[in-house]
Amino acid sequence: MEGLFAKVDKIKPFYDLTYKVFMVICKLLLILDILITTMAVAGRYVSFIPDPAWSEEVVLTCMSYMAVLSAALAIRRRSHIRMTALDPYLPKGLVKFLDILADVAVLALALIMIVVGWRYATGLGAKGNYVSMPKVSRFWMYFPVPLAGVAMLVFELEALYGHVKGLLLKEEVEV
């Protein structure tokens, strides 16, 4: 069994790369958000700095991406919101079961986000345009949901693999 896990462990660099890519995307979006907001605010008070009409919609779209992508990143670090106050008082087996159950539920949510989010992005989003940028499709406003769903799916698969590995290797050691 350990040989199988050793082979599967070789894809860990894929998870690391996925995490780094989404982290870089979040950082770039934050920088873009700050720059656009700074320009828009300064443009209201300084006459030679432009205050573009599109700034508010772009900033809100960037924030949407950052919110859902950073939530997906939190899954990998296991820093997302979860109830752990009672964990020390519960049997370890029950805590492990509840962790796996929570990961399965989040995995289901990731799949729903991919399917439904893609339908919205390609359906409702593709039919509309930004008010201040009529040539840009609202697809980009809805796209963060399926994108974050993909990231969540990847990180939840990694988490569930870790649970299975921990359970099976622990059982082998005990036997």
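Predicted model: local features only at pLDDT ≥ 70, side-chain atom pairs only at ≥ 80, totals over all residues.
1. **The core.** The largest nonpolar core holds 28 residues. Those with the most contacts inside it include Phe-22, Tyr-65, Leu-69 and Phe-155. Four helices, α2 (12–45), α3 (55–77), α4 (92–122) and α7 (144–174), each supply at least two of the core residues. The largest share, 9 residues, comes from α3.

2. **Leu-69.** Which residues does Leu-69 contact, leaving aside neighbours within four places in sequence? They are Phe-22, Ile-25, Cys-26, Leu-147 and Ala-148. Leu-69 is itself among the core residues with the most contacts, as are Phe-22 and Leu-147.

3. **Helix α2.** The 34 residues of α2 should span 50 Å at 1.5 Å a residue. The end C-alpha atoms of α2 are 50 Å apart, which agrees. Buried residues of α2 include Tyr-15, Thr-18, Tyr-19, Phe-22, Cys-26 and Leu-29. Further along, Asp-33, Ile-36, Ala-40 and Gly-43 are also buried. As background, residues three or four places apart in an α-helix point the same way, because there are 3.6 residues a turn.

4. **Arg-76 and Asp-16.** Arg-76 lies in helix α3. Its side chain makes a polar contact with the side chain of Asp-16 at 2.5 Å. The pair also forms a salt bridge, with the closest N and O atoms 2.5 Å apart. Arg-76 is in α3 and Asp-16 in α2, so the pair ties together parts that are 60 residues apart in sequence. Asp-16 counts as partly exposed, at 24% relative accessibility.

5. **Surroundings of Arg-76.** Not counting residues up to four places away in sequence, Arg-76 touches Lys-12, Tyr-15, Asp-16, Tyr-19, Phe-155 and Glu-158. Of these, Tyr-15 and Tyr-19 are buried residues of α2, and Phe-155 belongs to the nonpolar core.

6. **Lys-165 and Asp-9.** The count of salt bridges comes to 6. One of them joins the side chains of Lys-165 and Asp-9, at 2.6 Å from N to O. This pair links distant parts of the chain, 156 residues apart. Lys-165 sits in helix α7, and Asp-9 in the loop between α1 (2–8) and α2. Both ends are partly exposed: Lys-165 has a relative accessible area of 24%, and Asp-9 one of 31%.

7. The side chains of Arg-44 and Asp-51 meet in a salt bridge at 3.8 Å, N to O. Arg-44 is exposed, with a relative accessible area of 57%. Asp-51 is partly exposed, at 38% relative accessibility. Elsewhere, salt bridges that share partners join Lys-12, Asp-16, Arg-76 and Glu-158 into one network.

Definitions and conventions:
Residues numbered from 1 in each chain as written. Heavy atoms only, no water. Core = buried A, V, L, I, M, F, W, Y, C linked by side-chain atoms within 4.5 Å. Buried < 20%, exposed > 50% of the residue type's maximum accessible area, 1.4 Å probe, protein only. Contact = heavy atoms within 4.5 Å. Polar contact = N/O pair within 3.5 Å; in protein donor to acceptor, adjacent residues only side chain to side chain. Expected span 1.5 Å × (residues − 1). Salt bridge = Lys/Arg side-chain N within 4 Å of Asp/Glu carboxyl O.
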